[in-house]
Amino acid sequence: TTYEFKVEGDKDITVRPCVTSLFYQIYDSPVDSQLWVMEDSSGQVLSYGSCMHHADSVKLKKGTYTVKLLLRHPSRSTLEKLKHTPIEINMDLNEKLACQVNSRLAAASTPDLKADALGKKVLTKGAHQDVYVSRPATDLPAFVSPGDVLVGAISLDKDKEGVTSMKIIYPVPPKPSKDEKKDDKKADTEEEKTLEDVVFEAKLAHLAKIRSKNSSLYADISNEMKEERPTNIKLLTELLSSTLESPKPETEKDDETSWRARAVGAVYADGKKAIDTASLAQYFGTNAPDKDELDEDKDAKDRDKEMKEQRDFLRKVLLSHAFLAGILADEDSSFSDQFAEAVKELKTWVKADVVKDDKDKVKLTLVNARHARICKGKVASAIAALIKAKKEFNGKELKQINEELIKVYGLGEGMEHLVLNGKDTMYAQYPSFKRSI
C-alpha cells in the first residue's frame with residue numbers, strides 16, 4: 001500500500017509515520033512483515049520502521065513524500081481488505097498554538113473573548129472546577145487540512161512535581177465555504193463581455209489544451225490570433241509557455257537551446273511592442289490603490305488588472321530570456337555580452353522576493369550564479385549562491401542546483417574531491433534504480 005502526503009511552508013517539519021491500527025497484530029497474528037519505508041519525490045529513502053515500534057522522526061522540507069507499507073498474509077481475501085489500512089503521519093508544530101482555558105462552555109466557543117479566561121485558582125480537597133478549552137485563536141499552519149487532529153496538553157500547577165497533565169485533541173473542521181453570491185450592486189456595474197472577447201478567450205483555452213498534442217494546428221490558430229490581437233498579453237503569455245515547454249520541431253536545424261532562445265526572443269520582442277515599460281514602471285512606482293477604491297472604480301480596477309498582467313508577463317519572459325542566454329554563454333563565450341545585457345534587463349524587474357514558483361526560483365538562482373561566474377569572474381560568489389540555494393529546494397529543483405554546483409567545482413583546481421562528493425550525494429538522493437520494500 002502506498003500513501004502520499006505533502007509538507008507545506010518555508011520551515012522544515014519533523015515527521016514520523018505510524019500504523020497504529022496494527023499495534024495488536026504484530027506477534028501471534030498471521031499479518032506478517034508490517035514494514036514501511038518513507039521516500040521523497042526522487043525515490044531517496046529517508047526513513048523506515050515497523051508498525052509496532054516508533055521510528056525516529058525526520059525533518060522534511062516543503063515537497064511531496066511517499067510512505068510504502070508492506071503487509072503479508074496467507075489469505076488473499078484478507079490481504080485485499082488490508083489495502084486500505086490507515087496510516088498516521090505525525091507532524092510536529094514549529095510553534096505552539098495557544099488555546100484559552102475558560103470556566104464556562106459558552107466562553108470556550110468564542111476564543112477571542114479573554115474576559116472569561118480562567119485564572120489562578122486554589123481548590124480545596126473534594127472541590128471541583130469545570131475547565132473548557134477553546135480552539136486555537138491563531139491561524140493554523142498551512143500544512144494542516146480538515147480532518148487532521150491537533151494534539152496538545154493542559155497542565156495544572158506545572159511548577160510542582162507530579163503535576164496533573166491531560167491530553168487534549170482538536171479535530172480540524174472543514175474550512176468555511178465561500179459565499180458565491182455576488183453583490184447585486186457590483187453585478188449591475190459589471191459590463192458583459194463582447195462576443196469577440198468570448199470567442200478569443202475560448203480559442204486561447206483551446207490553444208493551451210493542444211499545446212503538446214498538435215503543433216501544426218497550434219501554429220495555425222496562434223498565427224491567426226496574433227493577426228487579430230498582436231498586443232494581447234494573455235496570448236503572448238500562452239506563446240511564451242509554448243516556446244518553453246514544446247519540443248523542438250523536427251525541421252529545425254539548430255540545437256534545442258539555440259532554437260528555444262530564439263523563440264523566446266521573438267516573444268520578448270512582441271512583448272516590448274505591446275507594453276509601455278515607462279508607464280508600467282510609473283504605475284508600480286506609486287502606492288497601489290486600496291481594494292475599496294478598486295471596487296468602487298471599475299476603470300481603475302481594470303487598469304490595475306491589466307498592469308499586473310503586463311508586469312507578470314514581463315517578469316516571466318525576461319527570466320526565460322536570461323536563463324537561456326546563460327546556457328548559451330556557458331557553452332560559448334561569444335554569447336557573454338548578450339547574457340550580461342539580458343541579466344541587466346532582468347534585474348530591472350525581477351528580484352528574488354517577487355518570484356513565487358519554485359521552478360522560477362531555481363532559474364533565477366542559476367542565472368545569478370552563472371552571471372557571477374561568466375561575466376564577473378567571481379567563481380566563489382557563484383559557489384556560495386548555489387550552496388545557499390541547496391537549503392531552500394528539494395526534488396527536481398535541488399537536482400538542478402547540485403548539477404550546476406558539480407559543474408562549477410569541476411572548473412576549478414584542487415576541487416576534484418568536491419566533485420566526487422557531489423556525485424556520490426547525487427547517486428544517493430536520485431537513485432537510478434528504486435528498490436521495492
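**Sheets, a salt bridge and helix packing**

The structure holds 18 salt bridges, a salt bridge being a side-chain nitrogen of Lys or Arg within 4 Å of a carboxyl oxygen of Asp or Glu. This is a predicted model, so to speak of local features pLDDT has to be at least 70, side-chain atom pairs count only at pLDDT 80 or more, and totals for chains, interfaces and linings use all residues. Residues are numbered from 1 along each chain as its sequence is written, and side-chain values use heavy atoms, with hydrogens and water left out.

One of these salt bridges links E39 and K68, whose closest N and O atoms are 3.5 Å apart. E39 belongs to strand β3 (residues 32-40) and K68 to strand β6, so the pair ties together parts that lie 29 residues apart in sequence. Helices (H or I, at least four residues) and strands (E, at least two) are DSSP runs, numbered from the N terminus. As for the background, side chains of opposite charge can pair when their charged atoms come close.

β3 and β4 make a hairpin with four residues between them, and G43 in the turn has a positive phi of about 90°.

A three-stranded open sheet has the order β5-β2-β7, again with antiparallel pairing. Its edge strands, β5 (58-60) and β7 (88-91), each pair on one side only. The twist here averages 40° from one strand to the next. Strand β2 (residues 13-18) pairs with β7 in the antiparallel sense over four bridges, and V15 has M91 of β7 as its bridge partner.

On to the helices. Two packed helices are described by the angle between their axes and the distance between the axes. Helix α13 (residues 379-390) and helix α14 (residues 395-411) have axes that come within 10 Å and cross at roughly 155°. That makes α13 roughly antiparallel to α14, given that angles under 35 degrees count as roughly parallel, over 145 as roughly antiparallel, 65 to 115 as roughly perpendicular and the rest as oblique. The contact (heavy atoms within 4.5 Å) draws on V379, I383, L386, I387, A389 and K390 from α13, and on L398, I401, N402, E404, L405, V408 and Y409 from α14. Sorted by class, this contact of α13 with α14 has 10 nonpolar, one polar and two charged residues. Ala, Val, Leu, Ile, Met, Phe, Trp, Tyr, Cys and Pro count as nonpolar, Asp, Glu, Lys and Arg as charged, and the others, Gly among them, as polar.

α14 also packs against helix α12 (residues 358-375), at an angle of about 10° and with the axes 9 Å apart, which means α12 is roughly parallel to α14. The residues involved are D358, K359, V362, T365, L366, R370 and R373 of α12, together with E397, Q400, I401, E404, V408 and L411 of α14.

α12 in turn packs with helix α10 (residues 298-331), at about 45° and with the axes 9 Å apart, so α10 is oblique to α12. On the α10 side, L319, S320, A322, F323, G326, I327, A329 and D330 meet D360, K363, L364, L366, V367, R370, R373 and I374 in α12. That contact of α10 with α12 divides into nine nonpolar, two polar and five charged residues.

Technical notes
Axes are lines fitted to C-alpha atoms, for helices over the stretch in contact, and angles run from 0 to 180 degrees between N-to-C directions. Two strands pair if DSSP finds at least two bridges between them.
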